[in-house]
Amino acid sequence: MIVITSPTGHIGSRLLDILFETPTCSEELRVIVRDPGRLPEAIRPRVDIVTGSHGDADIVDRAFAGADAVFWLIPPDHSAPNLDAAFSGFTRAAAKALTTHDVGHVVGVSALGRGTPVAGRAGHVTASLAMDDLIASTGVAYRALANPTFMDNLLWQAVSIRDDGVYTGTVAADRKAPMVATRDIAAAAARLLLDRSWTGTSEVAVLGPQDLTPNDMAHTMSEVLGRRIRYQRQSLDDFHATLTARGVGGAIATAYVDMMRAKNDGLDDGVPRTDTTASPTSFREWCEQILAPAVLA
């Protein structure tokens, strides 16, 4: 049995699709979800549903009973009092349940940055790495999917791209960095969950096929959308103000700023791209298949 958390998000929903599309997958699938109505109607009868939050001790205790593997992805909590509460605090009940029920394998969604000079002051990434350490301390076989910035984050700016021809960010316009499509993260998770011959604790980087600058991305978006799109760099102070205006709590907004500062200082540069760390979806392909329909809708 495989337990999947956050099954209605970009990664979890695609992971479910991949598992159902894999002819050799004979695993029973169980999901933890707050609102089962958000699951596609065709999916609901095919999974065992545990309703609730996977940060709740009773819920994970019930969901992990009989489980062989768990896909772990925490939801964003913009009102958390601090990052420890949002990451390790949310995960502590699950860590205990992993031991109680002798779960063998866990695949978690994490971030690049471990071992870099800025890893200890990178906001959400620092907290994510601490969460990885907490899960690994249970003795479970653990693979942390170490990801750079998601291409799919641009969907939050679909209106600005459509109406103003502008997208914003905080890194330098000419700074190259990896980017990954969430569907490639789901595919990496599926491979690990279905072939559980691995042991111990390690990271699996998912880097996309090439490094890109914000200006590179603007050029590709312009070609795909058939209109000029430009990148506008935002100061970290303005970024913080934008987050708080959207209701993000002070501690979490500051952590986002710390993460973006660290990214500009090389947080995502620590892992080389190889045949095993590259993932297939190019930014152009993602723009054609995901961004363009969202912008042109």
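## Basis of the model

Because the model is predicted, local features need pLDDT of at least 70 and side-chain atom pairs count only at pLDDT 80 or more, while totals for chains, interfaces and linings use all residues. Residues are numbered from 1 along each chain as its sequence is written, and side-chain values use heavy atoms, with hydrogens and water left out.

## Overall form

The protein has 10 helices and 12 strands, taken as DSSP runs numbered from the N terminus (helices H or I, at least four residues; strands E, at least two). The radius of gyration, 19 Å, is close to the 19 Å that the globule rule gives for 297 residues, so the protein is as compact as a globular protein of that length; the radius is taken over C-alpha atoms, and the rule is 2.2 Å times the number of residues to the power 0.38. Along its principal axes, the C-alpha trace spans about 55 × 40 × 40 Å.

## Cavities

There are 2 cavities of 30 Å³ or more, a cavity being a set of points on a 1 Å grid over the protein atoms alone where a 1.4 Å probe fits but cannot get out, with lining residues having an atom within 4 Å of a point. Grid points are joined across faces, edges and corners, and a volume is the space filled by probe spheres set on the points.

The largest cavity holds about 40 Å³ of space and is lined by V70, W72, T91, A94, A95, L98, V106 and I135. Two or more residues of this lining come from each of β4 (69-72) and α3 (83-100), and α3 gives the most, with 4 residues. The second largest cavity, of about 30 Å³, is lined by L112, G113, R114, T116, E203, L267, G270 and V271.

## The α8 and α9 pair

The axes of helix α8 (residues 236-245) and helix α9 (residues 250-264) come within 9 Å and cross at roughly 145 degrees, where axes are lines fitted to C-alpha atoms over the stretch in contact and angles run from 0 to 180 degrees between N-to-C directions. Contact (heavy atoms within 4.5 Å) is made by L236, F239, H240, L243 and T244 of α8 and by G250, A253, T254, Y256, V257, M260 and R261 of α9.

## Surroundings of R121

R121 lies in the loop between β5 (105-111) and α4 (124-136). Its C-alpha atom is separated by 6.6 Å from that of D258, 137 residues apart along the chain. Not counting residues up to four places away in sequence, R121 touches T126, D258, A262 and D265.

Note on methods: 1 Å grid on protein atoms, 1.4 Å probe; cavity = no way out; pocket = protein on both sides within 12 Å on 5 of 7 lines; lining within 4 Å.
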